[in-house]
Amino acid sequence: MEVQAAVQKNDIKNGSGAGIIARNHQAIQQACSIVLSEFAEPLSLDSVSERIGFSKFHFERVFKQIMHMTFYQYVTKVRISHSQMLLADSSTSITDIAIASGFSGSSAFSRAFRQETGKSPSDFRKFLQSHT
């Protein structure tokens, strides 16, 4: 019994205990919820890590370990996913979609969209229109 308690105490001290793992997962889940609800607003690694109570460096490391992508890659994926839904509406301009999706402008949006999907936003819109 004493050996098990010592192992658990050592696991917690070294950061490998189940409690720490659960806390990390809970914090990353909280960070993802923040991104999903606030993706249209400016989001920074600093502000989100502070809100979940992690240092910037620990948050960055744990986020990548759990999500298999960086925080900013996740933010971009969420924003691109939202923009894909908006592109189905042909009456909304690409610039308006970029801003509504959290991008600073249409050029940053177009660059990120093409990198993520392999198509420009306008080509993606044309693709959607030709398949409906």
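Trainee: Which residues of H3 meet which residues of H4?
Mentor: The model is a predicted one. In it, Leu-45, Asp-46, Val-48, Ser-49 and Ile-52 of H3 meet Lys-56, Phe-59 and Glu-60 of H4.

Trainee: Why is H3 called roughly perpendicular to H4?
Mentor: The two helices pack at an angle of about 90 degrees, and their axes are 9 Å apart. Angles of 65 to 115 degrees count as roughly perpendicular, and therefore H3 is roughly perpendicular to H4.

Trainee: How is the packing of H5 with H7 described, by what angle and what distance between axes?
Mentor: For H5 and H7 the angle is about 95 degrees and the axes are 10 Å apart. The range for roughly perpendicular is again 65 to 115 degrees, so this pair is roughly perpendicular too.

Trainee: Which residues meet there, in H5 and in H7?
Mentor: Thr-76, Lys-77, Ile-80, Ser-83 and Gln-84 of H5 meet Phe-109, Ala-112, Phe-113, Glu-116 and Thr-117 of H7. That contact divides into four nonpolar, four polar and two charged residues.

Trainee: What makes a set of residues a nonpolar core?
Mentor: Its members are buried residues of the nonpolar kinds listed for a core, joined through side-chain atoms within 4.5 Å. The largest such core here has 20 residues, and Val-35, Val-48, Ile-52, Phe-59, Phe-63, Phe-71 and Tyr-74 touch the most other members. Helices H2 (18–38), H3 (45–52), H4 (56–67) and H5 (71–86) each give two or more residues to this core. H2 supplies the largest share, six residues. Apart from this core lies another, of 10 residues, including Leu-87, Ile-97, Phe-109 and Ala-112.

Trainee: What is Phe-59 in contact with, leaving aside neighbours within four places in sequence?
Mentor: Phe-59 is in contact with Ile-28, Ala-31, Leu-45, Val-48, Ser-49, Ile-52, Phe-54 and Phe-71.

Trainee: Why does Ser-120 count as buried?
Mentor: Buried requires under 20% relative accessible area. Ser-120 has 9% relative accessibility, so Ser-120 counts as buried. Ser-120 lies in the loop between helix H7 (106–117) and helix H8 (121–130). Not counting residues up to four places away in sequence, Ser-120 touches Phe-113 and Arg-114.

How values were computed: Residues are numbered from 1 along each chain as its sequence is written. This is a predicted model: local features need pLDDT of at least 70, side-chain atom pairs count only at pLDDT 80 or more; totals for chains, interfaces and linings use all residues. Side-chain values use heavy atoms; hydrogens and water are left out. Helices (H or I, at least four residues) and strands (E, at least two) are DSSP runs, numbered from the N terminus. Buried means under 20% relative accessible area, exposed over 50%, partly exposed in between (1.4 Å probe, protein chains only). Contact means heavy atoms within 4.5 Å. Axes are lines fitted to C-alpha atoms, for helices over the stretch in contact, and angles run from 0 to 180 degrees between N-to-C directions. Angles under 35 degrees count as roughly parallel, over 145 as roughly antiparallel, 65 to 115 as roughly perpendicular and the rest as oblique. Ala, Val, Leu, Ile, Met, Phe, Trp, Tyr, Cys and Pro count as nonpolar, Asp, Glu, Lys and Arg as charged, and the others, Gly among them, as polar.
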